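My entries follow in the order I made them.

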Amino acid sequence: MSRIGRLPITVPAGVELKIDGDVVSVKGAKGELTHTVASPIAVVLEENTVTVSRPNDERDSRSLHGLTRTLIENMIIGVTAGYEKKLEIHGTGYRVAAKGSNLEFALGFSHPVVVEAPEGIAFVVEGNTKITVSGINKQQVGEVSANIRKLRKPDPYKGKGVRYAGEIIRRKVGKAGK
């Protein structure tokens, strides 16, 4: 049995969870999320706990068991507390500015780079080198953060670029260090 998949999920007060066939929908203070559960997995709501079970020990069922439980738990956390990722910009002349709900980056290119906020994602700019990406969908927050980091990945020689807060860049010596 999956160690993660067999754990029950407690539904906190203020969160409304509905199971309609294969569709699990979670509604909370911050918004609403839905997820379609894959076919062999069964989700059952009893009072304030959700249990995820599988019918057999086939490879597909085992791989989906823990995944489904984690996705449902992430939806509950998302509608109650939300998710956020912090990014930092390092480098001379590198900066970011908020233009409405979008971001405008100056990353050493000949033009400014504009990143539009997808639906459900909010950007907060602190100073001109720190960005916070927040939302209720954990996957979407991570994907938007990764796409922003991809604009100018941290350079291993000088350390310039966009990085996650607290990320340590392994530096290389360069030509001079023999």
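I call a residue buried under 20% relative accessible area, exposed over 50% and partly exposed in between, using a 1.4 Å probe and protein chains only. This is a predicted model, in which local features need pLDDT of at least 70 and side-chain atom pairs count only at pLDDT 80 or more, while totals for chains, interfaces and linings use all residues. Residues are numbered from 1 along each chain as its sequence is written, and side-chain values use heavy atoms, with hydrogens and water left out.

Entry: isoleucine 9. I found isoleucine 9 in strand E1 (residues 9–10); strands are DSSP runs of E of at least two residues and helices are runs of H or I of at least four, numbered from the N terminus. Isoleucine 9 counts as buried because its relative accessibility is 3%.

Entry: glutamate 47. I located glutamate 47 in the loop between strand E5 (42–46) and strand E6 (49–53). Its phi is near 55 degrees, a positive value in a residue other than glycine. Most residues other than glycine have a negative phi. Glutamate 47 has a relative accessible area of 79%, so I noted it as exposed.

Entry: salt bridges. I took a salt bridge as a side-chain nitrogen of Lys or Arg within 4 Å of a carboxyl oxygen of Asp or Glu. How many did the search of the whole structure find? It found six. One of them joins aspartate 57 to arginine 54, at 3.0 Å from N to O. Aspartate 57 is exposed at 56%, whereas arginine 54 is buried at 13%. In another, the side chains of glutamate 167 and arginine 149 meet at 2.7 Å, N to O. This pair links distant parts of the chain, with glutamate 167 in the segment after E13 and arginine 149 in helix H2, 18 residues apart.

Entry: arginine 163. Arginine 163 lies in strand E13 (residues 161–164). I found it buried yet without a salt bridge, the nearest side chain of opposite charge being glutamate 88 at 5.4 Å; Lys and Arg count as positive, Asp and Glu as negative, and His and the chain ends are not counted. A polar atom of the arginine 163 side chain lies 2.6 Å from the backbone oxygen of glycine 159.

Entry: lining of the largest pocket. I read off a lining that includes Leu33, His35, Met75 and Lys138. Strand E4 (32–36), helix H1 (59–80) and helix H2 (138–151) each give two or more residues to that lining.

Definitions and conventions. 1 Å grid on protein atoms, 1.4 Å probe; cavity = no way out; pocket = protein on both sides within 12 Å on 5 of 7 lines; lining within 4 Å. Polar contact = N/O pair within 3.5 Å; in protein donor to acceptor, adjacent residues only side chain to side chain.
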